[in-house]
Amino acid sequence: MKTSTLFSLFTSVLYYSVSVAQAEDTTETANITDVVVDNAAADGIDLFSLDASIINDALAEMEAVYEQVATVEGETATERKRSFRFDRRADRTDIIDVHAHTVPSWYKDLVPTTGGNPTPAWTLTDQIAFMDQQGINKAVIAISAPHANVFQGNKPLTVAMARTLNEAVSLYCRAFPQRLKFYAVVPLPYTEAAITEAKYAIQKLGAVGVVLSSNHESYYLGNAQFKPFFDALNKLGGRQIVYVHPAAPYVKSNNKLIEANPTPYPTGNIEFYFETARTLMDLTLTQTIHNFTNINYVIPHVGGAFPATMDRILKSVPAIYDSSLTIYRTRFWWDSAGPTYYHQVSGLLGYGIPTSQLLFGTDFPYAPIFTQAGSLAAVKGSGLFTDADKTAIFKTNAQTLFQNKL
Ligand SMILES: *[C@@H]1O[C@H](CO)[C@@H](O)[C@H](O)[C@H]1NC(C)=O
Ligand SMILES: *[C@@H]1O[C@H](CO)[C@@H](O)[C@H](O)[C@H]1NC(C)=O
């Protein structure tokens with residue numbers, strides 16, 4: 001075993017002893033497979049509609065992670081207090097990463113490429129090691145594109161995939177309760193099932209928000225069939241958070257979905273930015289963002305291509321020009337993932353988006369490690385912001401948005 005592996009194992013063990021509030025009421029004898037399968041059945045979801053090779057791998061991985069969870073949650077208050085000092089290390093900088101991804105190994109097997117590039121390998125240990133190296137205290141993790149839409153056109157499989165992913169990711173967070181939170185996936189375009197899943201993930205699994213794909217099987221987020229989903233989220237209580245992650249564009253031809261990439265380059269390299277612009281246009285022109293005022297939005301990559309297209313979109317609808325900009329300045333938060341702080345962020349600032357709406361995101365592990373460090377350095381070194389602005393971008397803006405959910 002390499003020294004570095006040993007070291008990361010060692011640091012992981014230290015972090016397993018991090019404190020957790022609900023330690024006392026955990027039953028050490030819970031069989032996580034039974035809990036997960038039963039909770040799904042209660043919501044009418046048959047996880048075994050997934051191929052046995054998929055669901056068995058997923059449940060086996062959950063059993064393994066649950067052993068770590070049981071250790072963390074089984075600690076006494078004294079043990080938690082004693083071990084808490086080990087977590088201090090991560091408080092050095094207090095950076096909050098609102099754009100990080102998790103890739104269960106069984107999900108990577110199912111989805112070998114993402115946006116035309118190889119899907120990266122990921123482990124829980126890698127995630128925490130990355131955060132420690134970069135001085136990141138907390139990360140909000142999410143499954144990346146294609147999210148739960150792995151089996152296009154198949155409702156039972158999409159619904160079962162969403163539930164399986166949410167259970168898996170929630171266990172990662174329970175293993176590192178001070179460090180990790182998650183955005184839940186939902187099985188859109190199946191609106192009713194997506195409402196059920198969002199409620200379960202937010203109310204039972206502790207998701208801090210939901211990740212929506214820029215399009216779900218070719219339907220952009222303003223699509224009329226999704227309106228009951230936004231309505232339900234809007235009524236769930238408090239402020240709900242929707243994280244709008246880009247995915248590959250699709251067109252329908254003879255009722256078949258075809259990935260729509262008009263260039264010879266990987267979809268993820270540029271189409272993802274256009275996807276963000278397309279879906280924000282749809283959410284704006286349908287007034288979804290205007291009507292459901294209890295929903296806040298996190299938009300990756302400081303809006304992708306959206307800032308470059310905003311006036312083009314909005315000048316044609318003067319009646320909602322001002323109100324839309326007001327929403328982008330107050331209920332939208334824009335993360336820094338990607339090489340966005342060299343120049344691109346100026347596009348947002350040009351529309352009067354205040355620095356209070358800017359968040360830090362890394363895109364780990366999809367963005368290569370050298371670009372990660374580069375993005376962080378770019379935010380730190382940017383001449384556009386004061387030191388106070390940077391503290392806000394790295395930490396306090398996220399705290400304002402997520403409140404006690406972090
Ligand atoms: C949990 O129960 C399942 C059957 O429902 C079984 O296959 C599995 O081995 C059990 N896990 C543990 C850790 O006992
Ligand atoms: C939002 O409300 C406006 C009326 O104020 C209506 O025209 C529009 O269709 C509504 N859109 C949605 C998505 O509810």
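Which residues are around ligand 2? Keep that in mind as we look at this model, which is a predicted one. The answer is Lys227, Thr286, Gln287, Thr288 and Asn291.

Let's sort that shell by type. Four of its residues are polar and one is charged. None is nonpolar.

Next is Lys227, where a side-chain N or O atom is 2.9 Å from an oxygen atom of the ligand. Thr286 uses its backbone instead: an N or O atom there lies 2.8 Å from a nitrogen atom of ligand 2. How much of ligand 2 does the protein cover? On its own, ligand 2 has 360 Å² of accessible area, and the protein covers 52% of that.

On to ligand 1. Its surroundings are Asn31, Asp34 and Glu63. Take them in order. A polar side-chain atom of Asn31 is 2.3 Å from an oxygen atom of ligand 1. For Asp34, a polar side-chain atom lies 2.5 Å from an oxygen atom of the ligand. Taken alone, ligand 1 exposes 370 Å², and 34% of that is buried by the protein.

Next, helix 12. This helix runs over residues 306–314. Its buried residues are Phe306, Pro307, Met310, Ile313 and Leu314. Why do they sit on the same side of helix 12? Because they cover an arc of only 105° around the axis. Look at the other side of the helix, and you find Ala308 and Arg312 exposed. What covers the buried residues of helix 12? The cover includes helix 10 (267–285), helix 13 (321–330), strand 13 (332–335) and helix 14 (345–350).

Last stop: the loop between strand 12 (295–299) and helix 12. His301 is found there. Is His301 buried or exposed? His301 counts as buried, because its relative accessible area is 6% and the cut-off for buried is under 20%.

Who are its neighbours? Leaving out residues up to four places away in sequence, His301 touches His99, Pro246, Tyr273, Asp335, Ala337, Gly338, Thr340, Gln344 and Asp363. Pick out Asp363 from that list. Its side chain makes a polar contact with the side chain of His301, at 3.3 Å.

That's the tour. Questions, please.

Terms used:
Residues numbered from 1 in each chain as written. Chains lettered and ligands numbered in written order. Predicted model: local features only at pLDDT ≥ 70, side-chain atom pairs only at ≥ 80, totals over all residues. Heavy atoms only, no water. Near = heavy atom within 4 Å. Polar contact = N/O pair within 3.5 Å; in protein donor to acceptor, adjacent residues only side chain to side chain. Areas by Shrake-Rupley, 256 points an atom, 1.4 Å probe, with all protein chains shown as cover. Nonpolar A, V, L, I, M, F, W, Y, C, P; charged D, E, K, R; others polar. Buried < 20%, exposed > 50% of the residue type's maximum accessible area, 1.4 Å probe, protein only. Helix = DSSP H or I, 4+ residues; strand = E, 2+ residues; numbered from the N terminus. Arc of directions from axis to C-beta. Contact = heavy atoms within 4.5 Å.
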